[in-house]
Amino acid sequence: MSLLAPFRRRRAASSGLRRSVRLFRLFLAEQSDPEAFYASLASDAADQMAPHIDLAGRTVVDVGGGGGWFTAAFRARGAHCYLFEPDRAELGLRSALAAAGPVAGPAGCPAGAVLADGYWLPVRDGGADVAFSSNVLEHVPDPMGLIEEMIRVTRPGGLVYLSYCNWYSPWGGHEMSPWHYLGAGYARRRYIRRWGRLPKHECGVNLFPVHIGPVLRALRARPDVSIIEARPRYYPRWCRLLVRLPGLREAATWNLMLIMRRVG
C-alpha cells in the first residue's frame with residue numbers, strides 16, 4: 001500500500017459528496033446549534049487550505065471572523081492567527097452562546113482579537129502568510145476594496161483565502177431567501193409580513209449583491225495575485241467546473257471559494 005494512500009483517502013473524504021451532505025445538514029441546524037455549524041465550517045476551511053500551505057507556525061489574519069471559530073481552527077493547526085472584526089456584538093457571540101447553554105468546544109472571544117475595520121487592517125504590508133475571509137464580502141459595500149486590503153497584508157508567496165455567498169445563489173438573500181430572486185424590496189416586505197419583525201440583513205445597508213463573474217475578472221486582471229483554486233465551497237471538488245460556466249455559475253454555485261497566491 002502506498003504511503004500516500006491514507007492522505008489521499010482523507011483528502012477525498014474532505015472534498016467529496018459525503019462532506020457536502022454533512023455540511024448541508026449542519027447548515028440546516030445553524031440557528032439551533034450555531035456552535036456545531038461554525039466550528040465544523042472553520043475546520044473544513046482549514047482543510048481546504050492544507051494542500052496549499054502548512055499552517056503550522058504561519059501568521060494568519062482572520063478578517064471579519066465573528067465569534068472566532070475560524071481563528072480557533074487555525075490555532076488548533078499551529079498557526080499564529082489574529083482575528084479582526086468590526087462588530088463588537090459578533091466578537092462576543094460565542095460568549096453569549098456559552099452563557100445560554102452548553103456548547104461543544106471552546107467558547108468565548110479568542111485572546112488577542114481586535115475590533116477593526118477590514119478596509120484598514122492594523123497590519124503592516126506583507127505581514128501575514130495567509131489573509132482569510134469567510135462570508136464577509138457580501139456584507140461590505142466595496143468588495144474589491146476589502147480584497148485589496150487582504151492582498152496588501154499578505155506577503156509575496158502567501159495565500160489569500162476568500163469565500164462569499166453570491167447574490168443569485170439559493171442563499172444569496174440570506175434569511176430572506178429565496179424571495180430575493182423577486183427583488184430585495186419584495187423579499188424584505190415578505191419577511192416582515194411572515195415573521196413580524198425586521199430581517200437581520202437589509203440590502204444596501206449590511207447585505208450587498210456580489211457576483212462571481214465580475215470578481216473573477218477583476219482578480220484575473222491583477223498582476224499581484226494568481227488564482228490557484230476557484231470552486232463552489234460546499235460542493236464536491238469535481239463541481240469546480242461550474243465556475244467556468246457564465247450565467248449558470250451565478251445561480252448554481254451557492255458560495256464561491258477562492259484561494260489566491262500573492263505575486264511579487
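Why does tryptophan 179 count as partly exposed? The relative accessibility of tryptophan 179 is 30%, and partly exposed lies between buried (under 20% relative accessible area) and exposed (over 50%), with a 1.4 Å probe and protein chains only. The model is predicted, with local features requiring pLDDT of at least 70 and side-chain atom pairs pLDDT 80 or more, while totals for chains, interfaces and linings use all residues. Residues are numbered from 1 along each chain as its sequence is written, and side-chain values use heavy atoms, without hydrogens and water.

Seven strands form an open sheet with mixed pairing, in the order β3-β2-β1-β4-β5-β7-β6. Strands (E, at least two residues) and helices (H or I, at least four) are DSSP runs numbered from the N terminus; two strands pair if DSSP finds at least two bridges between them. The edge strands, β3 (114-115) and β6 (225-232), each pair on one side only. Six bridges join β5 to β7 (residues 256-262) in the antiparallel sense.

Ten salt bridges are counted, each defined by a side-chain nitrogen of Lys or Arg within 4 Å of a carboxyl oxygen of Asp or Glu. In the pair of aspartate 125 and arginine 152, the closest N and O atoms are 2.5 Å apart. Aspartate 125 lies in the loop between β3 and β4, and arginine 152, 27 residues away, in helix α7. Aspartate 125 is exposed at 55% relative accessible area, whereas arginine 152 is partly exposed at 24%. Arginine 155 and aspartate 129 also form a salt bridge (2.5 Å, N to O). Arginine 155 is in β5 and aspartate 129 in β4, so this pair ties together parts 26 residues apart in sequence. Aspartate 129 is buried, at 13%.
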